[in-house]
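Dear colleague,

Please find below the structure that I am handing over to you, followed by an account of what was found in it. I would be grateful if you read the two side by side.

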Amino acid sequence: MTEEMEIIEVSDEVIAVLAVNATLKTEGVACMAGGIYNALSKNILGKELVGKGIKVDQYDGKVEIDVNIIVKYGHNIPTVAWDIQENVKKEINSMTGLEVTAVNIHVQGVESDD
């Protein structure tokens, strides 16, 4: 008897939601920023994406993610970026089993407390 392995595919949208949740839980993140990908999708599709600020690329069971954020004023940007990378990798790997090979952080601005 041979065993066949089932291949389970996880949609980009699910991965994006996991990435958004992990990002927003990170200290120093004010909010997600749209980025060009989201702006184009909103204009072309006419709807807001669930994973605003996230771009997902999957290949061979591996994932690369681009995260667009606004950082809270007074927080160290490299530290916030590092924490996001760690949180996103951990969240996606634990929930999907997929290997995250890159989490690219794009800081789109800084939000003050005013």
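Contact here means heavy atoms within 4.5 Å, and helices (H or I, at least four residues) and strands (E, at least two) are DSSP runs, numbered from the N terminus. This is a predicted model, in which local features need pLDDT of at least 70 and side-chain atom pairs count only at pLDDT 80 or more, whereas totals for chains, interfaces and linings use all residues. Residues are numbered from 1 along each chain as its sequence is written, and side-chain values use heavy atoms, with hydrogens and water left out.

Overall architecture

The protein has three helices and four strands, which run α-β-α-β-β-α-β from the N terminus on. Of its 114 residues, 33% count as buried; buried means under 20% relative accessible area, exposed over 50%, and partly exposed in between (1.4 Å probe, protein chains only). The accessible surface comes to about 7,600 Å², and 51% of it belongs to carbon and sulfur atoms; these areas come from the Shrake-Rupley method with a 1.4 Å probe, and for residues only the protein chains shown count as cover. Among contacts between residues at least 6 apart in sequence, 69% join residues at least 24 apart.

The nonpolar core

A nonpolar core is a set of buried Ala, Val, Leu, Ile, Met, Phe, Trp, Tyr and Cys residues joined through side-chain atoms within 4.5 Å. The largest one has 25 residues, and those with the most contacts inside it are Ile 54, Ile 65, Val 67 and Ile 69. At least two residues of this core come from each of H1, E1 (29–32), E2 (54–59), E3 (62–72), H3 (77–96) and E4 (99–111). Helix H1 gives the largest share, six residues.

Val 67 shows how these parts meet. Leaving aside neighbours within four places in sequence, Val 67 is in contact with Thr 23, Met 32, Gly 53, Ile 54, Ile 84, Val 103, Asn 104, Ile 105 and His 106. Thr 23 itself lies in helix H1 (residues 12–24) and counts as buried because its relative accessibility is 0%. With residues up to four places away in sequence not counted, Thr 23 touches Val 29, Met 32, Val 67, Ile 69, Ile 84 and Val 88.

Helix H3

The 20 residues of H3 should span 28 Å at 1.5 Å a residue, and its end C-alpha atoms are 28 Å apart, which agrees; the expected span is 1.5 Å times one less than the number of residues. Its buried residues are Val 80, Ala 81, Ile 84, Val 88, Glu 91 and Ile 92. Seen down the axis of H3, the buried residues fall within an arc of 105°, so they line one face of the helix; the arc is that of the directions from the helix axis to the C-beta atoms. An α-helix has 3.6 residues a turn, so residues three or four places apart point the same way. The buried residues of H3 pack against H1, E1, E3 and E4, while the face turned away from the buried side carries the exposed residues Pro 78, Trp 82, Lys 90 and Ser 94.

At the start of H3, a side-chain oxygen of Asn 76 reaches to within 3.0 Å of the backbone nitrogen of Thr 79. Just after H3, Gly 97 takes a positive phi of about 80°.

Polar contacts and loops

A polar contact is a pair of N or O atoms within 3.5 Å; within protein, one must be able to donate a hydrogen and the other to accept it, and residues adjacent in sequence count only if both atoms are side-chain atoms. Thr 26, in the loop between H1 and E1, is buried, with a relative accessible area of 4%. Its side chain makes a polar contact with the side chain of Asn 87 (2.8 Å).

Gln 58, in strand E2, counts as partly exposed at 35% relative accessibility. The side chain of Gln 58 reaches the backbone oxygen of Val 10 at 2.8 Å and makes a polar contact with the side chain of Asp 12 (2.7 Å).

Tyr 73 is found in the loop between E3 and H3 and is exposed, with a relative accessible area of 59%. The C-alpha atoms of Tyr 73 and Ser 112 are separated by 4.9 Å, although these residues are 39 apart along the chain.

With kind regards
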